[in-house]
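The following exercises concern a single protein structure. Please study the sequence and the model before reading each solution.

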Amino acid sequence: MTNLILDANNLLYRIFWVNKNKNYNNQSLATLMFMRSVKSYVDKFKPDFTYAVWDKKLCYPSTNFRKTVSDTNYKANRDGNIAKEAHKNDEELKVLMDSLGIKSLYPNRMEADDVISWLVTEYQTAITKNVIVTVDKDLYQLIDSKTMVFNPIQKAAITDANFSNYTKGVCKDDFLDYKALIGDNSDNLKGLPKVGHKRALNLIEKNKPSCDWQKTLTEDNYNIYNTNIQLMDLSIGWRYYKDEEPQYRRQTKEGLPEKDSNEFFDLCKKYQLHAILQNKDKWISTFFANDIMQQVVEKVNLLNNK
């Protein structure tokens, strides 16, 4: 069984900036590009279940512990106006994906990354594979023998086996420590002073196999490292509040939305997605072929039983 997990916010912003840089101002084009991307991932991985995970909080307004731990610096570099502009089409994207049987999931007060972390933890079985589609390297920490990340910009599948090839030589076991040492500019998190890629690797490597390299840090540097670990470790986030995980579980227990090809193509007319309507067969083949075949089989069985 394969779960395809789409970092929907990440995809949304990539498309937003492509259009912004080309001076496009066409909401229908943005929706079309998003849906085409989703189709390409489904075609590539042929999942049994597909989830689109968003940052939109179910408990709103609210904040989470990361703001408190970081003295409100966490993601303080994000532009609220850009976010509003990028998310204009959220509702139509959701209903389009609903009609394709793709489940949208939301955090309670945390973030999409935390929901994704819970998903791959929840679906850790011998027969389950998880494919996360994102360019966000924070999610690389979730990679293991059953979970891979597909980076659509690099067109690369990052796995347990090739991990260090895509992290400048950082191995999976050291990745979270490494990130905590160097910080993360995209999340406005500072690393240790004068510690970059090489110094971080040297600091970790030279103290192996004792694994007590944290003891070599000054008190100030250890506090930076320890704070970053709390902010970056995705196994902490969804466990932090008692009411967080139950919201994820409730949403997944609702099951996937029911596929409906007629509804999907009606929505495409409504949102002026003409390129999809001109290629109906391709979309039917990707999302509805199995359902149509099942309907045929059921009708044949019904006729044979009469």
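**Exercise 1: Asp260**

Asp260 is partly exposed, since its relative accessible area is 31%. The model is a predicted one.

Task: State where Asp260 is found and which patch it belongs to.

Solution. Begin with the chain: Asp260 lies in the loop that runs between α11 (244–253) and α12 (261–270). Next, consider accessibility: a residue must have over 30% relative accessible area to be counted in a patch, and the value for Asp260 is 31%. Finally, identify the patch: Asp260 gathers with Glu258, Glu263 and Asp266 in a surface patch of negative charge.

**Exercise 2: Helix α5**

Task: Determine why helix α5 (residues 90–99) is described as largely enclosed by the rest of the structure.

Solution. Buried means under 20% relative accessible area. Of the ten residues of helix α5, seven are buried, so the helix is largely enclosed. These are Asp90, Glu92, Leu93, Leu96, Met97, Asp98 and Ser99. The cover over them includes the helices α1 (8–21), α2 (27–45) and α12, together with the strands β2 (49–53) and β3 (103–105). Just after α5, Gly101 adopts a positive phi of about 80°.

**Exercise 3: Phe45**

Solution. Phe45 is found in helix α2.

Notes. Residues are numbered from 1 along each chain as its sequence is written. This is a predicted model: local features need pLDDT of at least 70, side-chain atom pairs count only at pLDDT 80 or more; totals for chains, interfaces and linings use all residues. Side-chain values use heavy atoms; hydrogens and water are left out. Patches are made of residues with over 30% relative accessible area and no salt bridge: like charges are joined within 9 Å, nonpolar side chains (Val, Leu, Ile, Met, Phe, Trp, Tyr) within 5 Å. Accessible areas come from the Shrake-Rupley method with a 1.4 Å probe; for residues, only the protein chains shown count as cover. A salt bridge is a side-chain nitrogen of Lys or Arg within 4 Å of a carboxyl oxygen of Asp or Glu. Lys and Arg count as positive and Asp and Glu as negative; His and the chain ends are not counted. The place of a charge is taken as NZ of Lys, CZ of Arg, CG of Asp or CD of Glu. Helices (H or I, at least four residues) and strands (E, at least two) are DSSP runs, numbered from the N terminus. Buried means under 20% relative accessible area, exposed over 50%, partly exposed in between (1.4 Å probe, protein chains only). Contact means heavy atoms within 4.5 Å.
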